[in-house]
Amino acid sequence: MNKNTSANKSKGNLGSFLRRSSVPIMFIIICAFCIPLSGLSPSYLVNEIVTRMGRNAFLILSLLIPIMAGMGLNFGMTLGAMAGQIGLILASDWQIVGIPGMVLAAIISVPISILLGLFCGKILNMAKGREMITSYIMSFFINGVYQLVVLYLMGSVIPIAHSTIKLPRGYGIRNTVSLLAMRQHLDNLIPLTIKGVKIPVATFLVIALLCVFIIWFRRTKLGQDMRAVGQDMEVARDAGIKVERTRIIAIVISTILAGIGMIIYLQNMGNIATYSSHSQIGMFCIAALLVGGASVDKASIGNVFLGVILFHLMFIVAPRAGAAITGDSMIGEYFRVFVSYAVITIALIMYETNKRREKSRNSEQLQQAQQEEENR
Amino acid sequence: MNTDKKEKGRIGQFIESFGLPRLIITAFLLLLLILAPFVGADLPTQITNIIARFSWNGILVLAMVPMVHSGCGLNFGLPLGIISGLLGATLSIEFGFTGGLSFVMAILIATPFALVLGSGYGWLLNKIKGGEMMIATYVGFSSVSFMCMMWLVLPYKSPNMVWGLSGKGLRTTISLEGYYIDTLARFLRIRIGNLEIPTGTILFFALLAFLMWAFLHTKTGTAMTAVGSNPTFAKAAGINVDKIRLLSVVMSTWLAAVGILVYEQGFGFVQLYMAPFYMALPAVSAILIGGATVNKATIMNVIIGTILYQGIVTMTPTVMNNMVHMDMSEVIRIIASQGMILYALTRKTEGAK
């Protein structure tokens, strides 16, 4: 009997390994197929990937903590992104340039992130069991509030001095805000070029610092509590953990990190698309994390980096490959959007079916045990 | 003292049952209607607009009802049905049908697509009970972005639809002039001064709404409600839960297909590519504003909700613009409609799960 279960387990492990890594494998195949077709040189690709790694990794890492607390993919990371943008808009209006400007933007964004995170966490506690759809709608709702603030209150209530970022009508922020004074200042802080590949050392250092923080955080009492809450809310509550509070903290941390991540992202891009930069960011980050082999209930730092590489490789290569196959570059453009959504869809479906399978397996085991009891 | 408490309880109960956000939205719309004449907006024109937009959107909102009844939650996957409708519309034009006939043919052609896609979608939702809403959202997104590629690749030839220069690939918006623009609205149209009522469209909506109401009172319809309110009980009563849920999803998808065709005949254009992307959200918030919850919805919720939602969408820009010369309508619309969805999601649902 004992032997039987262990054999079952190892078989299940291989199966679950294949199931878990099916998305990365699929992506490796897509990339292997598309790279030769695109005709892009390896050095160009490596350069692009390194840049995009520096740009996106921090943002994606911000998703890890809510997953640990069992709250699923935090579509509400957009909230943090908006806070970061508000910080950057104000910092660039006050003409604080370079690294100090970024730090100031981060300092402004943190309290906004905390407020938004508290609000989001409270709401998510009221909607247990459907956190993801709620956080998704939440991002739309706060987007409305963000537009209200940036489009109507900035310049009329919140003083904005410089007309270069104000709309001609006297209030509201322009569609794009240039960050020329901060552009890639963090990336170029410690210049390093290896064989023509420019490496943003300082950005990577910040990302490494965050990785260390996450690893450390997992070991703290709070981190352990979060994992317990993620495993089973009722058991955690019985063990004396304040479930609601822990969940709110997870969302607040994620929102703060997303805000700082957005500042790093935008300093690399060099300008803010005031009304659209944040709207897509959640989707792309979540897709990248899932491509790296994460699932709704389990994600590691390794998933983040593998995900950035594979997802952005596809992103760079697909339009060119699509153009080479069909003669129409728009097809590749639509293809990569489709793939991003399809990956999220598949990951969500796998998560839900796994959950159901586990439930039925558990009840089967219970039944079996009961039968054995009766036989005895 | 005692009666005072009772009185308070009654008011509280009323607010509880009607919902505070709904109360605010209704009051807001009434305020807008009262203000309209004072700020120089023509009231009959405004009411005409509200009625017209109600007639365009009614069926899309009605499409929410079956899935809510069977316990599948709000159908965020509405774009899938919309795509079936768009396939019907474009194919009908491609095959050379014109005038009113093109509308009938569009519905006929869209039907098999809706049935097939709806069945697949329903089968999927049966596999993932409990997580329907999030997956529905992403099924909608994936299918819209997949069709973006298809609109470019599929061999459409009609010169009224493809890009003029390259002769292939559909345009982003296709005019329905000469096809089924206003087909329904023209039927028995009533005109009193500036007030105009598209009787045909409203009758068509009324017909479908009546059929839905009648269906919900048949044996299968009651079974559907039973499945939604208590799946375990329904199973014990010998109802095939999965089959009923599948049926509800197919119905919802087909209604969405017809709904978008009716929308187009009023709007006058077929919108392709990314246009259907966010079309589920207005329909979802409309039915919620009308008083539906995640697991309960009636035809009355659809009618009231669509009038309130479209009323706010049409009234805010004009009144706001005339009053403060500041067009905040878009922001107000976003905050009100998404806030409504959030409110509904945070309500405790009894029975379900």
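At what angle do helix α3 (residues 42-61) of chain A and helix α11 (residues 243-269) of chain A pack? In this predicted model, the angle between the two helices is about 170 degrees, and their axes lie 8 Å apart. Because angles over 145 degrees count as roughly antiparallel, α3(A) is roughly antiparallel to α11(A). On the α3(A) side, the contact is formed by Gly54(A), Arg55(A), Asn56(A), Phe58(A), Leu59(A) and Leu61(A). The residues that α11(A) contributes include Leu257(A), Ile260(A), Gly261(A), Met262(A) and Tyr265(A). Sorted by class, this contact comprises 9 nonpolar, 4 polar and 1 charged residues.

The surroundings of Ala63(B) illustrate the packing: leaving aside residues up to four places away in sequence, Ala63(B) touches Asn75(B), Leu78(B), Gly81(B), Ser252(B), Leu255(B), Ala256(B), Gly259(B) and Ala283(B).

The final subject is the meeting of the two chains. Here 27 residues of chain B are in contact with 34 residues of chain A. On the chain B side, the elements that give two or more residues are α7 (132-153) and α15 (329-346). The largest share of that side, 13 residues, comes from α7(B). By class, the chain B residues that touch chain A divide into 18 nonpolar, 8 polar and 1 charged.

Note on methods. Residues are numbered from 1 along each chain as its sequence is written. Chains are lettered from A and ligands numbered from 1 in the order in which they are written. This is a predicted model: local features need pLDDT of at least 70, side-chain atom pairs count only at pLDDT 80 or more; totals for chains, interfaces and linings use all residues. Two residues are in contact if their C-beta atoms, placed from the backbone, lie within 7 Å. Axes are lines fitted to C-alpha atoms, for helices over the stretch in contact, and angles run from 0 to 180 degrees between N-to-C directions. Helices (H or I, at least four residues) and strands (E, at least two) are DSSP runs, numbered from the N terminus. Angles under 35 degrees count as roughly parallel, over 145 as roughly antiparallel, 65 to 115 as roughly perpendicular and the rest as oblique. Ala, Val, Leu, Ile, Met, Phe, Trp, Tyr, Cys and Pro count as nonpolar, Asp, Glu, Lys and Arg as charged, and the others, Gly among them, as polar.
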